[in-house]
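Please look through the sequence and the structure shown below, and keep both at hand while reading.

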Amino acid sequence: MMRADPARLLRSALLLGLALLIAKLLATGQMALYMSPALDPLSGLAALLLAAMAVVGTRPKSSTMPRNLGGRVPTPNLSQEVRPTATWRKTGLSAELLELRGDRSMHHEEGSVDHALTYLLVLLPVLLGLVVTPRALGSSALGGESASALVLAFAPETNQTQVDPSSRPIEDVPDILAFLRRTGEAGVGQPVHAIGLVARSADLAPNEFVLLRYSIVHCVADARPIALLVVSSQQAEWNADQWVEIEGSLGSRERTGDRLVSIIADRIVPTEEPNNPYLQAI
Amino acid sequence: MSIVLQSLPFVLAGVFASAFVQQHLTGQMVARWMPRRPWAAVLVSSLFGFVVPVCDCGVIPLARRLVAKGVPVYAATSFLVAAPVVNPLVLLSTAFAFQGNPGVVALRFGMTLSVAVAVGLLADRLVPAARSSLPSLTTSFTGPDKDEIAVGPRLTSLVNTATAEYFDVIFFIVLGALFTAATQTFVPRGDLTALGSQPVGSVLALMPLATVLSICSEADAFVARAFATTFSLGAVLAFMTIGQIVDLRNGLLLWRTLGVRLVALIVLVSYVLVFAEGALLNRLVAVT
């Protein structure tokens, strides 16, 4: 005899919803706002598995088991093992059989409140992901810390290699950091071209702001801010979290005993947020 | 959201592996391989996660079943403590999260193993009930043998078991992600940095957090990785170790399964040992 199980159908719907959410994020490129693109194949595989689980879950289960095998698996208290009849007296079933039958895993305690909470909590990311348009981390993700406190400073004892500034600008933040690691403060004067978020701080001069990028290893939960001081020739009136493109040259600014890495900006223009706004961990 | 999405592949790998093992490994096979001497039984049980790669969500029922098949409770307790970390899937995800850093993987393995062995041996000495085990559950079952069931239904059963386990796990993944997101959003990074730089304070701060967050062992390394930029190495390792032994999520089920004395022993021994190891590690890192 076949019977429909609303709980199984609900679980299948949730699994399918999550699979669709991952598919949508991958298809639209929005997954890059959550995770490193290196994990996309794994995410795709997860979506396929979730979909398969959803399909299997929609198949009605057949009730072919003897009636006396129905019921719950009690949770035994191992301190009372000397009295096994007290622990197991209400059951006549094998937990393995329940698993084989697909009713439940051994540890899946049945409880409508527990299940309702689980379904609600699983529904939350599915709904959020499907309804809300994801956004890249902004300056608010600094957790209340001043952006100016995060600005990179030149290491005081860098093994500096004298370099002649190239006329060709270094493109974007990762290459700028690699260049600075190699040259240290000797790289001052090098033309650069960088893209990033504007972050404001009360302790910066009116013609200064912080160019902010986040680097991630896997996902935004491990995001690390990378901040460069930008010094403009005129008042910097850019709004916080505005993406800007900067052309200028590397400089150095003394601040509270540190020599801060700066970009002396020749030109600042607003730009669109990149498809992948995060840098791979540097 | 990103923590949930990122942990999904690993959670799915874990629940399918667990479902497979639950379907194919019998308690009798396990009991046959179990040494009679306590120290050897504890060591074998602590390393048994390599054979049965279950996460902390699946380990309690499995330990319960091992006991039902004749494995001593103290040995099953060691398995219960160690298996969520001492298994290839979790060690692999740890290596993945920490960009293949073998030191972090080895230290996580070693810290967890030391707690599992200590808890198992102390349970054998201090808790008499831990020396006994349950009678076999299979004596009351007279249904068809697993091998007599066709491949199709078995595959369906495997997926259904994995699905059930998935829903046990995902609740806590989402909850842990919410906690983590709230922590990262509302706790100023500067405060964390100040706390994280202290060799003892950082360990003391992250251990209770791990207990509260109760993140699945297949996903916690990714959360710990986020802490690695602000907290000391010892604190991050203590977070990954204690979080898989003492967590709010499994607390109730653990208490119902093991009883008050064993659970108290696990909590006390693991907290003291993990704290000591974390603080010692920070001291050694500071010296070198």
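A:Asp172 has its place in helix H6 (residues 172–183) of chain A, where helices (H or I, at least four residues) and strands (E, at least two) are DSSP runs numbered from the N terminus. The phi of A:Asp172 is near 65°, which is a positive value in a residue other than glycine. With a relative accessible area of 21%, A:Asp172 is partly exposed, given that buried means under 20% relative accessible area, exposed over 50%, and partly exposed in between (1.4 Å probe, protein chains only).

A:Asp241 is not a glycine either, and has a positive phi of about 75°. A:Asp241 lies in the loop between strand S6 (224–231) and strand S7 (243–255) of chain A, and its relative accessible area of 31% makes A:Asp241 partly exposed.

## How the model is to be read

This is a predicted model, in which local features need pLDDT of at least 70 and side-chain atom pairs count only at pLDDT 80 or more, while totals for chains, interfaces and linings use all residues. Residues are numbered from 1 along each chain as its sequence is written, chains are lettered from A and ligands numbered from 1 in the order in which they are written, and side-chain values use heavy atoms, with hydrogens and water left out.

## The two chains

The secondary structure of chain A comes to six helices and nine strands, and of the 282 residues of chain A, 48% count as buried. When contacts (heavy atoms within 4.5 Å) in chain A with a separation of 6 or more are considered, 68% of them are accounted for by residues 24 or more positions apart.

Chain B has 14 helices and zero strands, and buried residues make up 61% of its 288 residues. Among the contacts in chain B between residues at least 6 apart in sequence, 85% join residues at least 24 apart.

## Buried residues and cores

A:Ser12 is found in helix H1 (residues 6–28) of chain A and is buried, with a relative accessible area of 4%. Not counting residues up to four places away in sequence, A:Ser12 touches A:Met53, A:Ala54, A:Gly57 and A:Thr58. In chain B, helix H12 (residues 233–242) is mostly covered, with nine of its 10 residues buried, including B:Gly234, B:Phe239 and B:Ile242.

A nonpolar core is a set of buried Ala, Val, Leu, Ile, Met, Phe, Trp, Tyr and Cys residues joined through side-chain atoms within 4.5 Å. The largest one has 108 residues, of which A:Leu50, B:Phe79, B:Tyr166, B:Phe239 and B:Met240 touch the most other members. Leaving aside neighbours within four places in sequence, B:Tyr166 is in contact with A:Leu15, A:Leu18, A:Leu50, A:Met53, B:Leu8, B:Val11, B:Leu12 and B:Val15. Apart from this core lies another, of 23 residues, among them A:Phe179, A:Val198, A:Ile226 and A:Ala265.

## Two packed helices in chain B

At what angle do helix H6 and helix H7 of chain B pack? Helix H6 (residues 88–97) and helix H7 (residues 102–126) of chain B pack at about 145°, with their axes 9 Å apart; axes are lines fitted to C-alpha atoms, for helices over the stretch in contact, and angles run from 0 to 180 degrees between N-to-C directions. On the side of H6(B) the contact is made by B:Val90, B:Leu91, B:Thr94 and B:Ala95, and on the side of H7(B) by B:Val104, B:Val105, B:Arg108 and B:Phe109.

## Aromatic pairs

Over all chains, the structure holds four aromatic pairs. Rings of Phe, Tyr and Trp (its six-membered ring) pair if their centres lie within 6.5 Å, and planes under 30 degrees apart count as stacked, over 60 as edge-to-face and the rest as tilted. The rings of B:Phe50 and B:Phe109 have their centres 6.1 Å apart and their planes at 50°, so this pair is tilted. B:Phe50 lies in the loop between helix H3 (38–46) and helix H4 (56–68) of chain B, and B:Phe109 in helix H7 of chain B, so the pair ties together parts that are 59 residues apart in sequence.

B:Tyr166 and B:Phe167 form an edge-to-face pair, 5.3 Å centre to centre and with 90° between the planes, and both B:Tyr166 and B:Phe167 are buried. Ring pairs also link A:Tyr119, B:Tyr166 and B:Phe167 into a cluster.
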